[in-house]
Amino acid sequence: MLQINNLEVVYNDIILVLRGISLTVADGSIVAFLGSNGAGKSTTLRAISGLLEYEDGEIKKGAIEFNGQLTNKLGPQKIVRLGTTQVPEGRQIFAELSVGENIRVGAHTRSDGKSEVDRDYQMVLSYFPALRARLKVQAGYISGGEQQMLAIARALMARPSLMMLDEPSLGLAPLLVSEIFEIIKRINTEEKVSILLVEQNALMALAVSEYGYIMENGKIVLDGASRKLMENEDVKEFYLGVTEDEKRKSFADVKHYKRRKRWLS
Amino acid sequence: MGFEILLQLTVTGLAWGSVYACIALGFVLIFKSTDIFNFAQPELMMLGAYMAFALITLFKLPFIVGFIFALVMMAAIAALLEMMVVRPMVGEPVLSVIMVTLGLANVLRGLTGLVWGYEEQQFPSPFPDDPIMLFGAAINQAEIYTIVATAMLLTIFFLFFKYSSSGISMRATAEDAKTAFLMGINVKQVFTASWAIAALVATIAGVFLASFTFLEPIMGHTGLKALPAMILGGLDSVVGAIIGGLIIGVVENLAGFYLEDYLGSGINDIAAYVIVLIVMMVRPYGLFGTKEIERV
Ligand SMILES: Nc1ncnc2c1ncn2[C@@H]1O[C@H](COP(=O)(O)OP(=O)(O)O)[C@@H](O)[C@H]1O
Ligand SMILES: [Mg+2]
């Protein structure tokens, strides 16, 4: 279980990007983590993975606990070993390595022997059969959808108990997105991996998740069961693109909304 | 007659080319993984040769034992240099880092001169002096051993980087350190390891070069030929560094013999740069390099 309490993060010692956020991912659940561009979602994942240091970022306050252990100060190697992996924004596959090598790199921290790793290699390929035909191809040459699958396969190879995905739908055709979300759902139930799903595509993310958080400007402004969130008028209006009348809201309305959000949370 | 000379020149060229290839390989390994251009690489080769020399002559160790000890010590020295001298420079401007490695080269050369003197010294070559006959050509045995050993070494490296999980992780780190962190890879360790490996390759090159030439503190200048080798191959390509080294070794030897009468005796020294110029005009990023690479 991942538990974040009142987390504050600054970049370059001055830019306060996370302003006291709290969030929980229970074992075995899928949690959607929504919010518009620049809200601080990727920063949150960076903090969880222990990567802030390399971005000149720092945790100023708060706690990140994984299965009861405080991980604020741990480096990324320790955190991967504890069971948290990340599928980063923009996939970040190793373009010069082959598809097969990318999958193997994901198993870097494993120490349970070659036969176990080989078995998981086959396991991840069974989720992404499209990759099987491309194992020897340089990863830079496969399609965007295949790269996303590869990034997920690679993250799975570490045998995580929590997998965090940063905008897996970015730049992919809707049909492909629903296919990938379906696989994520299957991985969650079949491999018992908890999922923290960062998305701008709120509709799809809420559809596969049990619980959701919505973040704006470094704060969680709304959270609740995903079914409830989908019915929430504000969420409908601003994240699901459903408006009661057809005309677009003006910026003033958005500001008004922000004020109201504080009250909501 | 013509064929024998050609064969002889080609073998000699390949032996020198093997040395260039090893040094260039060290450059590329460090450059790819840490983005640092290590101008002290030729000096690591020189120091490696002196280290083997000292262990064999001073401590009377058998050649192979002295050689292995030299490899271990050089790997350790390079690892320490990386941790103490180079790592604090990570993130500093490219030019500062270059100055540091240039400075390092001078310090290593100066120290070697202080300890062992600046005169040429005979290296206790383990290879028989008498040439062997190959298709009628007399070939220096040390050259044959150099070529064979380099070929074996490069094969081992190839297998390591292609198939071992550490090798694959090192390549991943070289490509994208940030994402390597996400895989749980100890990136600092990879940086240190790449320096250690580069020193290993350099030491091997140094011992073989000294075996068919001699020892002197400025033998690192030979290593500067690895620069055109690397530029020829493309700064970030391991295969390119090797092939570039071999091409330059062979071409300068052939040019030195066949063109000397027409172009004067310096031709073998500039042949390497002429080839580089020609290749760069056609392929600015080298024979095997990636296009978007930033040049120093
Ligand atoms: N490395 C960084 N240094 C300084 N500011 C950053 C850095 N990364 C992100 N930011 C800023 O932090 C805010 C949140 O960014 P991010 O976490 O990437 O948001 P999201 O993933 O929700 O789009 C943005 O305003 C962004 O400009
Ligand atoms: Mg983001």
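**Notebook: chains A and B**

I began with the contact between the chains, which takes 17 residues from chain B and 22 residues from chain A. I note here that the model is predicted. Next I looked up the buried area. Chain B and chain A bury about 1900 Å² between them. Carbon and sulfur atoms carry 62% of it. Which residues of chain B lose the most area to chain A? I found Glu175(B), Leu182(B) and Met183(B), which together make up 36% of what that side buries.

**Chain A: the sheet**

I turned to the strands of chain A. I read an open sheet of 4 strands in the order 2-1-4-5, with antiparallel pairing. Strand 2 (15-25) and strand 5 (69-70) stand at the edges. Each has a single partner strand, so one side of each is left without a neighbour in the sheet.

I then followed strand 1 (residues 2-11) of chain A. It runs antiparallel to strand 2 of chain A, and 8 bridges join the two. I checked two positions along this pair. Ile4(A) has Leu23(A) as its bridge partner in strand 2. Leu7(A) stands opposite Ile21(A), also in strand 2. The hairpin of these strands has 3 residues between them. There I looked at Asn12(A), which takes a positive phi near 50 degrees.

What does helix 1 of chain A touch? I see helix 1 (residues 41-49) packing on the sheet, in touch with strand 1, strand 2 and strand 4 (57-66) of chain A. Its direction makes about 110 degrees with that of strand 1.

**Chain B: a helix pair**

I moved to helix 3 (residues 63-86) and helix 8 (residues 187-212) of chain B. Their axes come within 8 Å and cross at roughly 140 degrees. The two helices are therefore oblique to each other. Helix 3 of chain B passes helix 8 of chain B in a right-handed crossing.

I listed the contact residues. Helix 3 of chain B contributes, among them, Phe63(B), Phe67(B), Leu71(B), Met74(B), Glu82(B) and Val86(B). From helix 8 of chain B I noted several, including Phe191(B), Thr192(B), Trp195(B), Leu200(B), Thr203(B) and Phe208(B). How many residues of this contact are nonpolar, polar and charged? I get 18 nonpolar, 2 polar and 1 charged for helix 3 with helix 8 of chain B.

Definitions and conventions
Residues numbered from 1 in each chain as written. Chains lettered and ligands numbered in written order. Predicted model: local features only at pLDDT ≥ 70, side-chain atom pairs only at ≥ 80, totals over all residues. Heavy atoms only, no water. Pairing = 2+ DSSP bridges. Contact = heavy atoms within 4.5 Å. Axes fitted to C-alpha atoms, helices over the stretch in contact; angles between N-to-C directions. Parallel < 35°, antiparallel > 145°, perpendicular 65-115°, else oblique. Left-handed = near helix turned anticlockwise from the far one by under 90°. Nonpolar A, V, L, I, M, F, W, Y, C, P; charged D, E, K, R; others polar. Buried area = accessible area lost by both parts, 1.4 Å probe.
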